[in-house]
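Subject: Structure for you to look at, with notes

Dear colleague,

I am handing over the structure that we talked about, and my notes on it follow directly below. Please read them with the model open beside you.

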Amino acid sequence: MAAPMRGMAGSSNTGNTTSFQKKTHSKLVSIPGTRPSVQNGQLLVSSGVSSLDYVIGGGLAVGTLLLVEEDRFDSYSRMLLKYFLAEGVVCGHELFLASARDHPDEIMQELPSPIVDDVAGIKMSEGQSQPSDPENPDTMKIAWRYQNQPRVQTALVSSMRFGHYYDVSKTMEPELQQAAKCHRFYQLQETPVTKGSSPLPSPYQALLKSIQTVIRKEGFDGSTPQSKVRNVLRLGLHSLGSVLWGDDVCCNDNPAHCHALSTFLYALRGLLRSSLSVAIVTVPSHLIQNRAVMGRIIRLSDTAIALESFRGSEKETNPLYKDYHGLLHVHQLPRLNCLSCEVPDTKDLAFKLKRKQFTIERLHLPPDLSETVSRVSKTELAAGCGSTATGNKHLDF
């Protein structure tokens, strides 16, 4: 009986075989300019605007599509596109820029210049409260009991810095732009593609084919190994749905190509899901008269936001909105590896263009400081407490 015991002990020590293994986390892909999401572990890239990353859940997930509904003058939506491309240049990502109105080279020349100095501390302190000065006569404009209360934090900042900051008053240096690898697609210079049995118009079909070729040729789908290190492809598609793309969705209520843009987005999401790519698409939603078509476009996107500019509207002269240049509406957030999406803490968002930066903040209206505030009479106050309409001050139980 002793020998088998020694044999069993020896085999357990020397062989060291067991069916139990220590559970370890899967190794994440290490790509410059990316980080894993805290909520779902998805790989994220920055949109170039730190406040926008905060709103949509920490950044843009790789393999997803961000839809931006353009403002009426396409000034701020174009700026978001340039921020997105500038972040890709700084992080060393490959770019794919498609446009039908302006040449992609003109958009690349307008990219904002990155700020080298660390301005995270400045941005963190923008929304913090400051102690009130008792000698300042402006501090007693509101009631004394609210004087020492902290101000509402309007800045949208995260505890962890992600992405870079840019100066919109300066353009990026040409040497930095030339170092980035950018694939350009200008619709007016592309040869028409035979339509065949495809339901897509010729420009959409050529664009989708060009994107598919870049993804496969550069190895973003894993079919061919990438040359040096693994990288991310950033796609910027400007003003899809306009007439210049051969689409009549912006022309009438019953367009002939009512499913063209939605079909293109469906095929584009299939390419993004199977590759290390992320896309931002701008659409002139204010020109699309059929709201059902616009609803399908939003549902086919992972993240959908809309920019409402005050330029040319009554809100531009409204003193309540004097500190802002427009409103930001979040229509849809991505649901990745989970049943629910990241819900923002507030839906009242506004954006403004400072001298050097484009920021998104919480919409905080100032208090009413007018001297003609209506007062509630004693009779109305008693009636509001449950008395009858006759003005009886006694409560009836």
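Glu361 and Lys352 are both buried, where buried means under 20% relative accessible area, exposed means over 50%, and partly exposed lies in between, computed with a 1.4 Å probe on protein chains only. The side chains of Glu361 and Lys352 meet in a salt bridge, with 3.5 Å from N to O; the term stands for a side-chain nitrogen of Lys or Arg within 4 Å of a carboxyl oxygen of Asp or Glu.

Please keep in mind that this is a predicted model, in which local features need pLDDT of at least 70 and side-chain atom pairs count only at pLDDT 80 or more, whereas totals for chains, interfaces and linings use all residues. Residues are numbered from 1 along each chain as its sequence is written, and side-chain values use heavy atoms, with hydrogens and water left out.

How many salt bridges does a search of the whole structure find? The search gives eleven. One of them joins Arg78 to Glu110, with the closest N and O atoms 3.3 Å apart. Arg78 lies in helix α3 (residues 76-91) and Glu110 in the loop between α4 (104-109) and β6 (112-114), so this pair ties together parts that are 32 residues apart in sequence. Helices (H or I, at least four residues) and strands (E, at least two) are DSSP runs, numbered from the N terminus. Arg78 counts as buried, at 10% relative accessibility, whereas Glu110 is partly exposed, with a relative accessible area of 34%.

Glu110 also forms a salt bridge with Lys82, and here the closest N and O atoms are 3.6 Å apart. This pair, too, links distant parts of the chain, with Glu110 in the loop between α4 and β6 and Lys82 in helix α3, 28 residues apart. Lys82 is buried, its relative accessible area being 14%. Arg78, Lys82 and Glu110 are among the members of a network of salt bridges that also includes Asp74, Arg101 and Asp102.

The next topic is the aromatic rings. Rings of Phe, Tyr and Trp (its six-membered ring) pair if their centres lie within 6.5 Å, and planes under 30 degrees apart count as stacked, over 60 as edge-to-face and the rest as tilted. By this rule the count comes to nine aromatic pairs. One of them is the stacked pair of Phe185 and Trp245, at 6.2 Å centre to centre and with 5° between the planes. Phe185 sits in strand β8 (residues 182-186) and Trp245 in the loop between β9 (233-237) and α8, so that the pair links distant parts of the chain, 60 residues apart. Phe185 counts as buried at 2% relative accessibility, and Trp245 counts as buried at 0%. Trp245 is also stacked with Tyr204, at 6.2 Å centre to centre and with 25° between the planes. Elsewhere, Tyr76, Tyr83, Tyr166, Phe351 and Phe358 form one aromatic cluster.Finally, helix α7 (residues 202-217) and helix α8 (residues 260-273) pack at an angle of about 5°, with their axes 11 Å apart; axes are lines fitted to C-alpha atoms, for helices over the stretch in contact, and angles run from 0 to 180 degrees between N-to-C directions.

With kind regards
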